[in-house]
Amino acid sequence: RQGSELSGWAMGRWTYEGIDLNHNFADLNTALWDAEDNDLVPHEFPNHYIPIPEYYTFANATVAPETRAVIDWMQRYPFVLSANLHGGELVVTYPFDMTRTYWKAQELTPTADDGVFRWLATVYATSNLAMASEERRLCHYDDFIRFGNIINGANWHTVPGSMNDFSYLHTNCFEITVELSCDKFPHASELPAEWENNRESLLLYMEQVHRGIKGVVRDGDTEQGIANAIISVDGINHDVRT
């Protein structure tokens, strides 16, 4: 009712308690990068399944109940592919979302699985009707068209404590952010068109769960499945677990 962008980009961003859910997950990046700088990875510090810092678990920590609920959900189910949906731009971002140089507002900060993330983002962006349109216009100031409508999150703007980075470093899940529309608050009459713009890209993105290696790690003698077996791939400093 206030108009598309007239209410301001921050409208609806914070919870009733004043917490920005977009920055509310535990910062695991800093611990990993400090360990890498001290040559502790992976023999003394893991390159995956990084534990949540103790301070983050305290009752008085500034963690929203919504965030705690999502983390609990992620820990109960072994998700491997995810996307979170935002509005206000037309672009797909992929981890890392936080710049490695802590004082920089933006910096290319790829993960060890950068090729996979770029592929996932490209699949969505090239099948999204609005992003792929020849009449595509800039939403605001940033020209994402020349990058194929994808960008490394940290190279756009740093987001410490993002869900994407947390998913990648604490679980097996590869997650991207989809900025669905130039309009952060589309009117109800525009929703059918927004759905058409994103329907095929959502389906194609989900299909990517079948890419790559999959199977069951079994005991060679008993044929029983092995839980928490660590899978390492040469040249990729990020393992996954069964």
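# Legends to the close-up views

**Figure 1. Glu223 is partly exposed, with 48% relative accessible area.** In these legends, buried means under 20% relative accessible area, exposed over 50%, and partly exposed in between, with a 1.4 Å probe and protein chains only as cover. The model is predicted: local features need pLDDT of at least 70, side-chain atom pairs count only at pLDDT 80 or more, and totals for chains, interfaces and linings use all residues. Residues are numbered from 1 along each chain as its sequence is written, and side-chain values use heavy atoms, with hydrogens and water left out. Glu223 is not a glycine, although its phi is positive, about 65°. The residue sits in the loop between helix H8 (191-207) and strand E5 (230-233); helices (H or I, at least four residues) and strands (E, at least two) are DSSP runs, numbered from the N terminus.

**Figure 2. Gly220 is shown in the loop between H8 and E5.** Is Gly220 buried or exposed? Gly220 counts as exposed, because its relative accessibility is 68%. Ala35 is 185 residues from Gly220 in sequence, and the C-alpha atoms of the two are 34 Å apart in space.

**Figure 3. Tyr49 has a positive phi, near 45°, in a residue other than glycine.** Tyr49 belongs to the loop between H1 and H2. With a relative accessibility of 28%, Tyr49 counts as partly exposed.

**Figure 4. Val41 and Pro42 are joined by a cis peptide bond.** Omega of this bond is about 0°. Pro42 lies in the loop that runs between helix H1 (29-37) and helix H2 (54-57).

**Figure 5. Pro95 and Phe96 are joined by a cis peptide bond.** Here omega is about 0°. Phe96 is placed in the loop between strand E2 (91-94) and helix H4 (114-127).

**Figure 6. Pro65 is part of helix H3 (residues 65-76).** The relative accessibility of Pro65 is 47%, so the residue counts as partly exposed. Leu21 is 44 residues from Pro65 along the chain, and their C-alpha atoms are separated by 10.0 Å.

**Figure 7. Glu179 is listed by UniProt, in an unreviewed entry, as "active site".** UniProt positions are given in the numbering used here, feature names are shortened, and annotations may be inferred rather than shown by experiment. Glu179 is found in strand E4 (residues 174-179). Why does Glu179 count as buried? Its relative accessibility is 8%, and therefore Glu179 is placed in the buried class. Leaving out residues up to four places away in sequence, Glu179 touches His86, Gly87, Gly88, Glu89, Leu90, Val91, Met131 and Trp156; contact means heavy atoms within 4.5 Å.

Figure 8. At 3% relative accessibility, Met131 counts as buried. Val91 is 40 residues from Met131 in sequence, and the two C-alpha atoms are 7.5 Å apart in space.

**Figure 9. Helix H7 (residues 163-170) is largely enclosed by the rest of the structure, because seven of its eight residues are buried.** The buried residues of H7 are Asn164, Asp165, Phe166, Ser167, Tyr168, Leu169 and His170.

**Figure 10. The whole protein is shown for context, with eight helices and six strands.** From the N terminus on, the order of elements is α-α-α-β-β-α-α-β-α-α-β-α-β-β. The C-alpha atoms fill a box of roughly 60 × 40 × 30 Å along the principal axes. Of the 242 residues, 38% count as buried. Among contacts between residues at least 6 apart in sequence, 74% join residues at least 24 apart.
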